[in-house]
Amino acid sequence: MPKILYVTTSTTVGGAEKTVFTLATLMDPKRFPVAGVVSLKAKGHYAQMLEREDIKTWSLGVRDQAGLKDLQRLALILHETKPDVVHAIMYQAIQLCRAVRRLGYAEFKLVSSPRVNYRTRSGFSLWIDKKLRVADDLLVAECEASRRHLVERLKYPEKKVITVYNGVDIAGWPVSKAERRRYRQKAGIPDDVVVIGAVGRLDEQKGHIHLLEAIAKLKAAHPVKCLIIGTGPLKNHLAETAKRLRLQEDVRFLGEQQDIPGWLSAMDIFVQPSLWEGLPNAMLEAMALGLPVVATRVDGIPEAIAHEISGLLCNPKDSQTLFINIQDLIADPELRRKLGDAARQVIVNNFQFTTMIPKYEEAYARVLPPPPEPA
C-alpha cells in the first residue's frame, strides 16, 4: 500500500493546519497509510493532537526561514519513512520538499497545496517558486479562485492543478444551548445580548480593522458585543484601535482558542471581513452551525455564500456596508434564521469530510502508477 507523509510549515491553530490534521487522521489506512507529519516550525496544537492519535510527528525547529540543515533533516526523515507520496502544505514546506526532490535526496511523488498566501508572496519568493515548481506532480487548490490564480496569474500548467474544497466535521450540528451559555459566561456576556464574532489571524489580510469601524457605528443604536478570536502581528494595533474607537467594553480579544465550535455557539452573527482569502475554515464551520454570515466578496468566499440567499456579501474595506449588513441582521431575527438555515444546508450539500477525503484519495492515486493487474 502506498504511504503518505505530510509536510507542513506549521501545526498551530489555523485553517491549513487543521486540514493537515484532518487528512492525517481520516485517510483510509487500508488504502493510504500515513507515515507521519513533519512540521517545519515548532510543534503546535495540531501536532499535539496528532501525537494523541498515535501519529508520528517531527519538528525541524525552523524559527524563520528554512535552510540547508533543514533540507538535510527532512531528507533523513524521508529516508526513514520511505513515503510513496509527500503532500506538502504552505509555501516553505512546499519549497523544501521540492528542493529535496530536485537534488535527488529521495524519491517520491509530490502533491503541493499552496493555500492563499501565494497571492501576497514577494517577487523573489515567486521566482524561487517558479524555479522549483517542476518538482510537483500535482497541486491541490482549496477553491476555484485559488486554482485560477495559480493557472492564470502564476502560469502553472492547468492539467496539474485541481480543486478540492475543504470539508467541515460539524456539518449539520445544532448549536448546543448549554455550550452557548457556558461560552458566553466565559466572556461575561448575558444571554440576551447579540454577539458578533470573527475568527482568524490578526493581520492585514483578515480585515479586522474594518469590523471594528463597523462595530463603532453599531454601538450607538445596538447593545452588541464582539468576540475576536486569533492572534498575530496586528494584535496591539487592533487593541489600540478599539480603545481609540471607545470599544473597550464592546469588543473582546480572546487570543488563540482551541475549541472554535464552542466559541461559535456563543455567537449570533459571524463576520469574515477579509481583504483577500481562499476559503476560510472558520467561516465554513460558522455556516455549518447555522450562523448567518456577513463576508467580503473576495476570492473563494462567493463559492460558498450567495448574497441574500446563504449570507450577506459586501466589498472589502467597506466598513459602511459591513455595518449596514450587520445592522440588518440584528434588527431581523427571522432573516438571521433564514440565512443561517441556508448556510447550514450549503455545508451539508458541498463541504463535508465525506466528500473531501475521497477527493484527496483520488488525487494521491492520480500521481501514483496504476496497481498491477491481478494474475
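1. Let's start with a helix pair: α8 (residues 208-218) packs against α12 (residues 319-331) at an angle of about 55 degrees, and their axes lie 8 Å apart. That angle makes α8 oblique to α12, oblique being what is left once angles under 35 degrees (roughly parallel), over 145 (roughly antiparallel) and 65 to 115 (roughly perpendicular) are set aside. Axes here are lines fitted to C-alpha atoms over the stretch in contact, with angles running from 0 to 180 degrees between N-to-C directions. Helices are DSSP runs (H or I, at least four residues), numbered from the N terminus.

2. A word on the source: this is a predicted model, in which local features need pLDDT of at least 70 and side-chain atom pairs count only at pLDDT 80 or more, while totals for chains, interfaces and linings use all residues. Residues are numbered from 1 along each chain as its sequence is written, and side-chain values use heavy atoms, leaving out hydrogens and water.

3. Which residues make the contact (heavy atoms within 4.5 Å) between these helices? From α8 come His210, Leu211, Glu213, Ala214, Lys217 and Leu218, which meet Ser319, Gln320, Leu322, Phe323, Ile326, Gln327 and Ile330 of α12. By class, this contact has 7 nonpolar, 4 polar and 2 charged residues.

4. Now for the cysteines: the whole structure holds 0 disulfides, a disulfide being a pair of cysteine sulfur atoms within 2.5 Å.

How values were computed:
Helices (H or I, at least four residues) and strands (E, at least two) are DSSP runs, numbered from the N terminus. Contact means heavy atoms within 4.5 Å. Ala, Val, Leu, Ile, Met, Phe, Trp, Tyr, Cys and Pro count as nonpolar, Asp, Glu, Lys and Arg as charged, and the others, Gly among them, as polar.
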